[in-house]
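Please look through the sequence and the model shown here before reading on. The paragraphs after it move from one chain to the other and then to what they share.

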Amino acid sequence: MNRTYELMFIVRPDMVEEELDKLISTLESQVASSGGTVKSVERMGKRRLAYTVRRFQDGMYVLLTAEGSGALIHELERRLRVTEPVIKFLTVRVDEEQKRLDKIKQIREARKKKAPPTPAETGGETGGETAAVTA
Amino acid sequence: MAEETRTTSAPAGERPAGEQRPGYRGPRPAGGPGGPREGGRKYFRRKKVCKFCVEKIEAINYKDVRLLSQFVAESGKIVPRRLTGVCTPHQRRLSTAIKQARNIALLPFAGRPS
């Protein structure tokens with residue numbers, strides 16, 4: 001059962017770049033050894049926190065997208081919890097939402113194909129409706 | 001709420017448009033001006049439309065702070081639907097996204113007096 005998860009975590013702002021690299025590579029190897037795949041790792045850089053977390057006003061955000069089972073995520077979260085420089089993390093499952101978005105996109109494209117390009121198309125749906133009523 | 005506003009505002013609000021085009025009862029264009037008021041009610045409330053439906057924004061993501069912060073009050077509270085005009089399905093997704101963003105310190109929790 002493969003699911004896609006987004007794992008966002010905040011590390012303390014005074015962390016050295018190499019240490020962060022090391023942390024990310026350990027997480028990646030953990031994902032690989034648990035039978036998952038890392039889709040992307042994105043460093044979002046230093047950001048101001050909306051509220052103080054462990055007396056920190058800023059933090060470095062990292063976004064990791066991974067595919068795998070729930071057990072994998074469980075292990076990753078446990079790891080993040082015991083890793084001292086990580087001050088906060090959040091895991092969100094994204095595949096269901098992505099499926100929904102793809103479906104909507106597909107429907108829209110099908111509708112666009114069905115209706116050939118007319119002047120009303122630029123006006124969007126509401127424009128089309130009003131044109132139909134007035135005609 | 002949307003139906004109610006339309007039916008109550010239709011006699012007063014849609015009349016000028018009706019004179020020009022008989023039988024026109026389509027939806028009002030998004031973001032258009034309120035229109036002139038002649039007699040009847042003193043104040044006029046523009047019909048609110050759901051931003052996400054109009055602009056066809058489907059992805060409401062917790063990372064999109066700029067989008068989410070439009071629906072968060074100064075104090076950090078989520079602005080209710082009756083003020084923003086967001087439709088129910090989108091408000092549901094919006095509130096989930098705001099709560100996720102709060103959790104990862106992208107948005108403040110409600111309660112800070114500022």
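Against which helices of chain B do the buried residues of H6(B) pack? They pack against helix H4 (65-68) and helix H5 (81-84) of chain B, where two residues are in contact if their C-beta atoms, placed from the backbone, lie within 7 Å, and where helices (H or I, at least four residues) and strands (E, at least two) are DSSP runs numbered from the N terminus. This is a predicted model, in which local features need pLDDT of at least 70 and side-chain atom pairs count only at pLDDT 80 or more, while totals for chains, interfaces and linings use all residues. Residues are numbered from 1 along each chain as its sequence is written, and chains are lettered from A and ligands numbered from 1 in the order in which they are written.

Chain B contains six helices and zero strands, and of its 114 residues 15% count as buried; a residue is buried if 20 or more other C-beta atoms lie within 10 Å of its own, exposed if 12 or fewer, and partly exposed in between, with C-beta atoms placed from the backbone. Among contacts in chain B between residues at least 6 apart in sequence, 66% join residues at least 24 apart.

The 16 residues of H6(B) should span 22 Å at 1.5 Å a residue, and its end C-alpha atoms are 23 Å apart, which agrees; the expected span is 1.5 Å times one less than the number of residues. The buried residues of H6(B) are B:Gln91, B:Leu94, B:Ala97, B:Ile98, B:Ala101 and B:Arg102. They cover an arc of only 140° around the axis, which puts them on the same side of H6(B), the arc being that of the directions from the helix axis to the C-beta atoms. The face turned away from this buried side carries the exposed residues B:Thr88 and B:Pro89, and H6(B) is followed by B:Ala105, whose phi is positive, near 65°.

In chain A, four strands form an open antiparallel sheet in the order S2-S3-S1-S4, where two strands pair if DSSP finds at least two bridges between them. Its edge strands, each pairing on one side only, are S2 (37-53) and S4 (86-93) of chain A. S2(A) and strand S3 (residues 56-68) of chain A run antiparallel and are joined by 11 bridges; the bridge partner of A:Thr37 in S3(A) is A:Glu67, and A:Val53 stands opposite A:Phe56. These two strands form a hairpin with two residues between them, and A:Arg54 in the turn has a positive phi of about 50°.

Helix H1 (residues 17-33) of chain A lies across strand S1 (3-11), S2 and S3 of that chain, running at about 25° to S3(A); axes are lines fitted to C-alpha atoms, for helices over the stretch in contact, and angles run from 0 to 180 degrees between N-to-C directions. By contrast with the buried side of H6(B), the number of buried residues among the 20 of H3(A) is zero, so H3(A) lies largely in the open.
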